[in-house]
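Hi everyone, and thanks for coming.

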Amino acid sequence: MTADALPDPLTQDGTYPRPQLLRRHWCDLGGEWEFAFGASPDASPDGIAFDRTIVVPYPPESALSGIGDTGYHPVVWYRRTFGADELAAAGLSEGSPQVRLHFGAVDHAADVWLNGRFLGHHVGGQTPFHFDVRNIVDPDGLNELVVRAVDDPLDVSIPRGKQDWRETPHSIWYHRTTGIWQPVWLECTPALHIESIAWLTEPDAASVDLELVLNARPAAPVWAAVRIEHEGELLAEARYRVLDTTSHLRLALSRQRNGQQYEELLWSPEHPRLLSATVALEADGEGDDAVASYLGLRSVRTAGHSFLLNDRPFQLRAVLSQNYWPESHLAAPSAAALRREVELILELGFNAARVHQKAEDPRFLYWADRLGLLIWAETASAYEFSARSVQLLTEEWMQLVRRDRSHPSIVVWVPLNESWGVQHISHDPQQRAYSRALSELTRAIDGTRPVISNDGWEHTDSDLITIHDYESDPELLGHRYGSSSAMDELLAGPGPAGRRISVHGAPSARPIMLTEFGGVSWIDEDVADAWGYSSARDSEDFGVRVSGLIRAVRDSPVLAGFCYTQLADTGQETNGLLRADRTPKLPFSVLRDVIGRR
């Protein structure tokens, strides 16, 4: 395939599961599959009675799956067939010798068989995986695909996030998401092909670094041709010999050395400019593999008490988003819903979102990149501290950082939240070491973004100091964050939740943000066990409370940013600015005026 035949990465419709590495052909295997609940996690596909039908990629607990069973089901089975039509859609008719079977995410562990042959095992409910199946697939006949997912609802050592360990949701926890919850898809590639790419931009150095990973070490001379453009203008182009599986290239952006036009290409929420890119492999002068991608030029730093975006102080106006839908749970109800979620956040006047206790679908990150929404990248937490929980979360988190590090919208990494899974971090040296290690491992993979070691309190090694405070009185909240002296007093003593802000005493100068506050509940419909951090009597009272809290924090002279809880009602947690169906509780114009004005 040549680069000329590739889709435009900046005008894609948001359905492609891997938006920063596009090929021309792919086939979505979503839709109706055969389904069964299982008993033993060690059972084989033989003898499984597939007595139900499920719609993939919706979890069986959700209504859109067609199952809607929210009980305990630690083992689930899936089966479907595909044939020549699906393979042709994936590009096999063009002669590509490799067929790859992709899974966006399967919670929590997956075993996969194709035509009776075991393909492999994957652990990690939020990370993608794939298998090369060319030697197994029948290009002319039907191919039987079987998946077993194991997700023990009582296992609190796995990264669970907001998935309840109790059978019925309570407090701030929700119905579980078991099994397949992101796209399953096919693509065909040449024998030697591009496995992954990553972009590292350094705007002030006028350069872009490419990390190119192939599926194998080249056995014969292979060259990579790289091209970066913006709206038809060539910004950089290079061709180099690829000698190993992983290679690196630095491209100079000469245009950026002109200081008078330096900012014209920078990415920001106000101007989410993206650069298109192509990477093509060439062997013997012929195109062998080519992918389309995109990147954004922007920098994120801290200086004293300021959070800097592109070297300018920037106030984050964020909302906490569970990205959970009543009809589909952690899975988005459609690809369009991911775009709409970004649009809703921006329409409310926020410039950032903290996707809470969940690593979101890359298609959501694409819309954040394209529409200009800053993202705090978080992951699901475990609930216990053990050798197993440390291993599971660390391995999954490292994979997520590698997957998402090229998205310009992501400006902060958050591996831990509110001491979940490290409940005794205030005095336990092992739990402190774990928190510090996660932060340093994150920086080792990506040293371009701030890292928060434990969002909310009991920080061990954070580049930002973040605080969670659900004080319901705007006057008290305004006083608490209204002056440097009041902030110094807060940082020196126990925090709002009775926990120290830092385990090492008052932290040194760095940006301070209130990353959870608000949580005002108000409903105009019957919701069982409706809950919030405080409650409003009616719509008018809801508006007064929300506006007062946001103004108190928004106008603080010592806070570099804030994150309001939360975007939408989720289950019994009815403290959203929007209802669960994403309709606003107050007019958008009212909320936008309060959130966006300082």
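Let me start with a question: is Ser462 buried or exposed? Ser462 counts as buried, because its relative accessibility is 3%. Buried here means under 20% relative accessible area, exposed means over 50%, and partly exposed is in between, with a 1.4 Å probe and protein chains only.

Before going on, a word on the ground rules. This is a predicted model, so local features need pLDDT of at least 70 and side-chain atom pairs count only at pLDDT 80 or more, while totals for chains, interfaces and linings use all residues. Residues are numbered from 1 along each chain as its sequence is written, and side-chain values use heavy atoms, with hydrogens and water left out.

Back to Ser462. You'll find Ser462 in the loop between helix H5 (429-445) and strand S27 (465-468). Helices (H or I, at least four residues) and strands (E, at least two) are DSSP runs, numbered from the N terminus. The side chain of Ser462 makes a polar contact of 2.7 Å with the side chain of Ser453, and another of 2.7 Å with that of His459. A polar contact is a pair of N or O atoms within 3.5 Å; within protein, one must be able to donate a hydrogen and the other to accept it, and residues adjacent in sequence count only if both atoms are side-chain atoms. Setting aside neighbours within four places in sequence, Ser462 is in contact (heavy atoms within 4.5 Å) with Arg443, Val451, Ile452, Ser453, Asn454 and Arg510.

His459 leads us to His504. His504 sits in the loop between H7 and S28 and, at 49% relative accessibility, counts as partly exposed. Beyond four places in sequence, its contacts are Arg432, Arg436, His459 and Thr460. A polar atom of the His504 side chain lies 3.3 Å from the backbone oxygen of Thr460. Between His504 and Ile452, 52 residues apart along the chain, the C-alpha atoms are separated by 15 Å.

Now for helix H7, residues 484-492. Which of its residues are buried? Ala486, Met487, Leu490 and Leu491 are. Looking down the axis of H7, these buried residues fall within an arc of 135°, so they line one face of the helix; the arc is that of the directions from the helix axis to the C-beta atoms. They pack against S27, helix H6 (474-480) and strand S28 (512-518). On the face turned away from the buried side, H7 carries the exposed residues Ser485, Asp488, Glu489 and Ala492.

Let's move to the open spaces. On a 1 Å grid over the protein atoms alone, a cavity is a set of points where a 1.4 Å probe fits but cannot get out, and a pocket is an open set with protein on both sides within 12 Å along at least five of seven lines; lining residues have an atom within 4 Å of a point.

The largest pocket holds about 820 Å³ of space. Its lining has 30 residues, and the closest to its centre are Arg18, Pro128, Glu195, Ser196 and Arg403. Among the elements that supply at least two lining residues each are strand S13 (194-202), strand S14 (207-214) and helix H4 (387-404).

The second largest pocket holds about 450 Å³. It is lined by 26 residues, with Trp199, Leu200, Thr201, Asp446 and Thr448 nearest its centre. Which element gives the most to this lining? That is S13, with five residues.

How many cavities of 30 Å³ or more does a search of the whole structure find? It finds five. The largest cavity has about 160 Å³ of space, and of its 19 lining residues, Arg160, Gln163, Leu330, Gln357 and Ala380 are the closest to the centre. The second largest cavity has about 100 Å³. Strand S25 (374-378), H4 and strand S26 (410-414) are the elements that give two or more residues to its lining.

One last stop: Ser276, in strand S18 (residues 275-283). Ser276 is buried, with a relative accessible area of 16%. Its contacts beyond four places in sequence include Pro9, Leu10, Arg227 and Tyr294.

That's my tour, and I'm happy to go back to any part of it.

Notes: Grid points are joined across faces, edges and corners, and a volume is the space filled by probe spheres set on the points.
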